Amino acid sequence: MSSNTFGKLFAVTTFGESHGPAIGCVIDGCPPGITIAPEDFAHDLSRRATGKSRWTSQRREADVVEILSGVYQGKTTGTPVALLIRNTDARSRDYADIAETFRPGHADYTYWQKYGIRDPRGGGRASARETTMRVAAAVIAKRWLKEKFGIGVRGWLAQMDDIAPDLPAGAGIDFDVVESNPFFWPVAAQVPELEGRVNALRKAGDSCGARVDVVATGVPPGWGEPVYGKLDAEFASALMSINAVKGVEIGAGFASVSQKGSEHRDEMRLDGFASNHAGGILGGISSGQDILVSIALKPTSSIMLPGRSVNTAGDEVEVRTKGRHDPCVGIRATPIAEAMVALVLMDQALRHRAQCGDVGEVKPRIGRRQS
């Protein structure tokens, strides 16, 4: 299998390359009756898009969704939903100089080794452009999850380079602030510092990494599988499939290493859990708490600083990447991470309904209070 399909019951297959004529996806297993129109995709696609601020790549794509199938009179029919977005602002000439060179930190060499051929234009299939269709598919998933269960999926940039949000201990995230700036940053007063850091990176021809956190609220207890289909494993697999992601944490994540068992365990009372170090997942199954996941994104590999590499002829060469690139890919990764979390939850909801839909609500059910 070529592994271009994600999910079991809500299966999303993406296709297309960064500089091809179009990108698209087919969603198989979409429940019927979901109200959807082309304009409903605009908000989340705009959040992901490049060229919307000076802090990301200046490639400007219209990202207009064409619904090719699976929707009739504004509602999904239960048949495969096919979505298409035309590429309108590709500049393939930017990649002419590196068509025969493997860029350090990119998938050029590994694609060459796997297929014996590669599309060098904008990274081809390995480009973050492919994630546009994940965000589009998740628009449908988010709507269904919200309507059926009241589930919300929200993310924010939790670190850029060595800058972390200046939030008081225990303070919640104000998503109005997050959505008010192009960094998805939860502290408005720090945005000028982020702008200064990006400007400095651009001047130096360099890049930096980032951390993105996502919370899913309203998820019922019982979703996931106890062994091979663990909910946290599904999240890890889905989030690691995002370009540039090099690490995933659930709940306390690696901080668990320095915690004692008496601290890490989330004690229970009928009105709620005392903490959420487990990130809302116990034994691979949702606990009813907020689901907390985080991703670490590597620094952008396409930078202006020269670096050593090898070309297809086997010669050692110096490479400098031109074109329109993000100084920090994490700046626009928030809606992509949200999308993958929503797609996992959509698939899990349908899988749970298929096997355990007759179980119903089991008593006792612990409340949602969290300290």
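A strand, as the word is used here, is a DSSP run of type E with at least two residues, and strands are numbered from the N terminus. The model on display is predicted.

**First stop: the second largest pocket**

Select strand 9, residues 210-217. With five residues, strand 9 gives the most to the lining of the second largest pocket. To find the middle of the pocket, display Trp-156, Ala-171, Ile-173, Asp-213 and Leu-292, the lining residues that lie nearest its centre. The whole lining comprises 28 residues, and the volume of the pocket is about 860 Å³.

**Second stop: the nonpolar cores**

Select Phe-10, Ile-27, Met-160, Phe-235, Leu-239 and Leu-345. Within the largest nonpolar core, which has 71 residues, these six touch the most other members. Which element gives the most to this core? Helix 8, residues 334-356, does so, with twelve residues. Centre the view on Phe-235 and show its surroundings: leaving aside residues up to four places away in sequence, Phe-235 touches Ile-250, Ile-281, Ile-291, Val-293, Val-341, Val-344 and Leu-345. Another core, of six residues, lies apart from the largest one; among its members are Trp-156, Phe-175, Phe-184 and Val-215. As a general remark, nonpolar side chains in soluble globular proteins tend to be buried together.

Is Arg-351 buried or exposed? Its relative accessible area is 10%, so Arg-351 is buried. Beyond residues up to four places away in sequence, Arg-351 touches Lys-8, Leu-9, Glu-225 and Glu-234.

Arg-129 is found in the loop between helix 2 (108-115) and helix 3 (131-149), and Arg-129 is buried, with a relative accessible area of 5%. Draw a line from the C-alpha atom of Arg-129 to that of Pro-165: the two residues are 36 apart in sequence and 28 Å apart in space.

Cys-208 is buried, at 3% relative accessibility. The structure as a whole holds zero disulfides. Cys-30 is likewise in no disulfide, and the nearest cysteine sulfur, that of Cys-25, is 10 Å away. Cys-30 is buried, with a relative accessible area of 2%.

**Fifth stop: backbone features**

Most residues other than glycine have a negative phi, and most peptide bonds are trans.

- Select Gln-73, in the loop between strand 5 (71-72) and strand 6 (75-76). Gln-73 is not a glycine but has a positive phi of about 50°, and it is exposed at 67% relative accessibility.
- Select Asp-161, in the loop between strand 8 and helix 4 (175-178). Asp-161, also not a glycine, has a positive phi of about 60°; at 34% relative accessibility, Asp-161 is partly exposed.
- Select Lys-363 and Pro-364, which are joined by a cis peptide bond with omega about -5°. Pro-364 lies in the loop between helix 8 and strand 18 (369-370).

Select Thr-79, found in the loop between strand 6 and strand 7 (81-86). Thr-79 is partly exposed, with a relative accessible area of 40%. Residues up to four places away in sequence aside, Thr-79 touches Ile-27 and Gly-70. Ile-27 was among the residues selected in the largest nonpolar core. The C-alpha atom of Thr-79 is separated by 7.8 Å from that of Ser-69, ten residues away along the chain.

Finally, select Ser-3, in the segment before strand 1 (5-6). Ser-3 is exposed, with a relative accessible area of 62%. From Ser-3 to Thr-14, eleven residues apart in sequence, the C-alpha distance is 9.9 Å.

Methods:
Residues are numbered from 1 along each chain as its sequence is written. This is a predicted model: local features need pLDDT of at least 70, side-chain atom pairs count only at pLDDT 80 or more; totals for chains, interfaces and linings use all residues. Side-chain values use heavy atoms; hydrogens and water are left out. A disulfide is a pair of cysteine sulfur atoms within 2.5 Å. Buried means under 20% relative accessible area, exposed over 50%, partly exposed in between (1.4 Å probe, protein chains only). A nonpolar core is a set of buried Ala, Val, Leu, Ile, Met, Phe, Trp, Tyr and Cys residues joined through side-chain atoms within 4.5 Å. Helices (H or I, at least four residues) and strands (E, at least two) are DSSP runs, numbered from the N terminus. Contact means heavy atoms within 4.5 Å. On a 1 Å grid over the protein atoms alone, a cavity is a set of points where a 1.4 Å probe fits but cannot get out, and a pocket is an open set with protein on both sides within 12 Å along at least five of seven lines; lining residues have an atom within 4 Å of a point. Grid points are joined across faces, edges and corners, and a volume is the space filled by probe spheres set on the points.
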